[in-house]
Amino acid sequence: MRPWQLLLCNANVLQSVLERADSELSSLELDARRLFILSTVEAHPFPADLARALSLPKPSITFLVKKLEESGYLRRQGEKGDLRRYRLTITPAGIKARDKGAEAVNGIFGACLNSLSAADQATFSRIVDQLQPRASKTKQRNTKAKR
C-alpha cells in the first residue's frame, strides 16, 4: 500500500470511530475537536500553542474555547506581565467530560483493536508511537530548514 493510501485508511478509521462516538460525545456537549482540546490543554495551555499542537486554525480554537467555556469545561486566566495573553485551564467539569468522552472513544476503538492479535496490537502501538511528532525532531528540522 502506498503511503497516501495508508494515510487515507488511517483517516477513515479515525473518522469511523469518532462518528460512532458522536452521540455519546454530544450528550456531554462535546464533539471530536472539543474532546481533543480538553485532552491537550494541560500540555498546551496557551491558545496559539494549542492550535499548533492540534493543527487547527487559531480562529477555530477561539470559537471552540468559547464553546467549552460556555459548557463550564475551560476557564481563561490572564497571564501576568502580558495582558494580551491568557492561559487556559480545564475545570473539574471539563476533566469529567474529557474522561467520559475518552472512555466512549476507548470502547469503540478498543473493539476495533480487539479484532487484532495481541502481537499485532503491540506492533501497531509501537509503530504509532514512533510516528508521533517529537518536539525535538520538529525543532531540528525547522533549524535545518532556516539555514
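Predicted model: local features only at pLDDT ≥ 70, side-chain atom pairs only at ≥ 80, totals over all residues.
User: What share of the 147 residues in the protein is made up of buried residues?
Analyst: The share is 24%.

User: Why does Arg98 count as buried?
Analyst: The relative accessibility of Arg98 is 15%. The cut-off for buried is under 20%, so Arg98 counts as buried.

User: Where is Arg98 placed, and what is it in contact with beyond its neighbours within four places in sequence?
Analyst: Arg98 lies in helix α5, which covers residues 92–113. With neighbours within four places in sequence set aside, Arg98 is in contact with Leu35, Leu38, Ser39, Glu42 and Ile90. Contact here requires heavy atoms within 4.5 Å.

User: What makes the pair Arg98 and Asp99 a polar contact?
Analyst: The side chains of Arg98 and Asp99 are joined at 3.0 Å, and the limit is a pair of N or O atoms within 3.5 Å. Residues adjacent in sequence count only if both atoms are side-chain atoms; the contact of Arg98 with Asp99 is between side chains, so it qualifies.

User: How do you know that strand β1 and strand β2 pair, and in which sense?
Analyst: Pairing requires at least two bridges. Strand β1 (residues 74–79) and strand β2 (residues 82–90) have six bridges, therefore they pair. The sense is antiparallel. One of the bridges joins Glu79 to Asp82 in β2.

User: What do β1 and β2 form, and which residue in the turn has a positive phi?
Analyst: They form a hairpin with two residues between the strands. Gly81, in the turn, has a phi of about 85°.

User: How is the packing of helix α2 and helix α3 described?
Analyst: Two packed helices are described by the angle between their axes and the distance between the axes. For α2 (residues 32–40) and α3 (residues 47–54) the angle is about 115° and the axes are 11 Å apart. The crossing of α2 past α3 is right-handed. Phe36, Ile37 and Thr40 of α2 make the contact with Leu50, Ala53 and Leu54 of α3.

User: How do the residues of the contact of α2 with α3 divide into nonpolar, polar and charged?
Analyst: Five are nonpolar, one is polar and none is charged.

User: What does the secondary structure of the protein come to, and what pattern does it follow along the sequence?
Analyst: The protein has seven helices and two strands, in the pattern α-α-α-α-β-β-α-α-α.

Key: Residues numbered from 1 in each chain as written. Heavy atoms only, no water. Buried < 20%, exposed > 50% of the residue type's maximum accessible area, 1.4 Å probe, protein only. Polar contact = N/O pair within 3.5 Å; in protein donor to acceptor, adjacent residues only side chain to side chain. Axes fitted to C-alpha atoms, helices over the stretch in contact; angles between N-to-C directions. Left-handed = near helix turned anticlockwise from the far one by under 90°. Nonpolar A, V, L, I, M, F, W, Y, C, P; charged D, E, K, R; others polar.
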